[in-house]
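Here is a short report on one protein model. Keep the sequence and the 3D view open as you read.

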Amino acid sequence: MSLFDILKKNTTKKNEPLNLSWLGVDMHNHLIPGIDDGSKSLDESVELIRLLHELGLRKLIMTPHVMSEFYRNTPEMIQNGLVQVRLAVADAGIDIELEAAAEYYMDEIFFEKIEKKEPLLTFGGNKVLVETGFLSKPQILIETFFRMEMAGYQPVFAHPERYLYLHQDTELLDSLAERNISFQLNLLSLTGYYSKPIKKFAEKLIDRGLIKLVGTDCHNIRYIEALERLPREKYYHKLLELNLMNPAL
Ligand SMILES: [Fe+2]
């Protein structure tokens, strides 16, 4: 291969437009307006959904935060939000399938919800998206996953690459990997959007074969702008070879 060919190849890769049609479904985003730290208005939601549709996605599962102190979103509030977004998106003539679930913050209140058998918002059958704080490991981490499974749910661990407590704790990673927990990577982690260590750990999770789902975790336009860098990333291309659950959702 001549130097010219190499230069040409690199340039092509750099400018390759992002096309997410291979993925089809995004199962983690904050596009129901006004109920968490995501989209702030119905207009903003419609615009973000239009852009995600233009990137090739055919379905979005919207997952507002449910966090006892900050976002006390109930299933009713989320379902009402879904109805509003569906109407506005249909009005705007965007042909995309919309569903809603939630991103539950793992705390005592969430634990009680499971214990009290309060119905949780699921997607893809019995899947429940759960996040934790970024710095320290919740005491109830393994126990909560265990109780979720006992209650018939399939836990989906939101963006494990972002949890700094997991980066050095190989034992914890191994014990989570042994359980029936689906790891969900944020696409933007592969671009270094959050930090370099998070990017490295995301790559490690892909190499270990632990990633079963990916999501945009889109909160606003900055996320979509940053997504455009993805085709330049070697590990983005590795994702295309994985047998992800997204397309079947
Ligand atoms: Fe999120």
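This is a predicted model: local features need pLDDT of at least 70, side-chain atom pairs count only at pLDDT 80 or more; totals for chains, interfaces and linings use all residues.

Strands of a sheet pair through backbone hydrogen bonds, either parallel or antiparallel.

Look at one pair inside the sheet. Strand 7 spans residues 154-158, and strand 8 spans residues 182-186. Three bridges join them in the parallel sense. Phe 157 has its bridge partner, Phe 183, in strand 8.

## Helix 3 and its two faces

Helix 3 has 17 residues, 75-91. At 1.5 Å a residue it should span 24 Å. After the helix comes Gly 93, whose phi is positive, near 75°.

Which residues of helix 3 are buried? They are Ile 78, Gly 81, Val 85 and Val 89. These residues lie on the same side of helix 3, because they cover an arc of only 65° around the axis. An α-helix has 3.6 residues a turn, so residues three or four places apart point the same way. The buried residues of helix 3 pack against helix 2 (42-54) and strand 4 (97-100). The face turned away from the buried side carries exposed residues. They are Glu 76, Gln 79, Val 83, Leu 87, Ala 90 and Asp 91.

## The nonpolar core

In soluble globular proteins, nonpolar side chains tend to be buried together. Here the largest nonpolar core has 55 residues. Those with the most contacts inside it are Leu 31, Ile 61, Tyr 104, Leu 129 and Val 130. Helix 8 gives the largest share of this core, five residues.

Take Tyr 104 as an example. Leaving out residues up to four places away in sequence, Tyr 104 touches Val 66, Phe 110, Leu 120, Val 128, Leu 129 and Val 130.

## Phe 201 in helix 8

Phe 201 lies in helix 8, residues 196-207. Is Phe 201 buried or exposed? It has 22 other C-beta atoms within 10 Å. The cut-off for a buried residue is 20 or more, so Phe 201 counts as buried.

Which residues does Phe 201 touch, not counting residues up to four places away in sequence? Its contacts are Glu 161 and His 167. Phe 201 and Tyr 163 are 38 residues apart along the chain. Their C-alpha atoms are separated by 9.6 Å.

Terms used: Residues are numbered from 1 along each chain as its sequence is written. Two strands pair if DSSP finds at least two bridges between them. Helices (H or I, at least four residues) and strands (E, at least two) are DSSP runs, numbered from the N terminus. A residue is buried if 20 or more other C-beta atoms lie within 10 Å of its own, exposed if 12 or fewer, and partly exposed in between; C-beta atoms are placed from the backbone. Two residues are in contact if their C-beta atoms, placed from the backbone, lie within 7 Å. The expected span of a helix is 1.5 Å times one less than its number of residues. The arc is that of the directions from the helix axis to the C-beta atoms. A nonpolar core is a set of buried Ala, Val, Leu, Ile, Met, Phe, Trp, Tyr and Cys residues joined through C-beta atoms within 7 Å.
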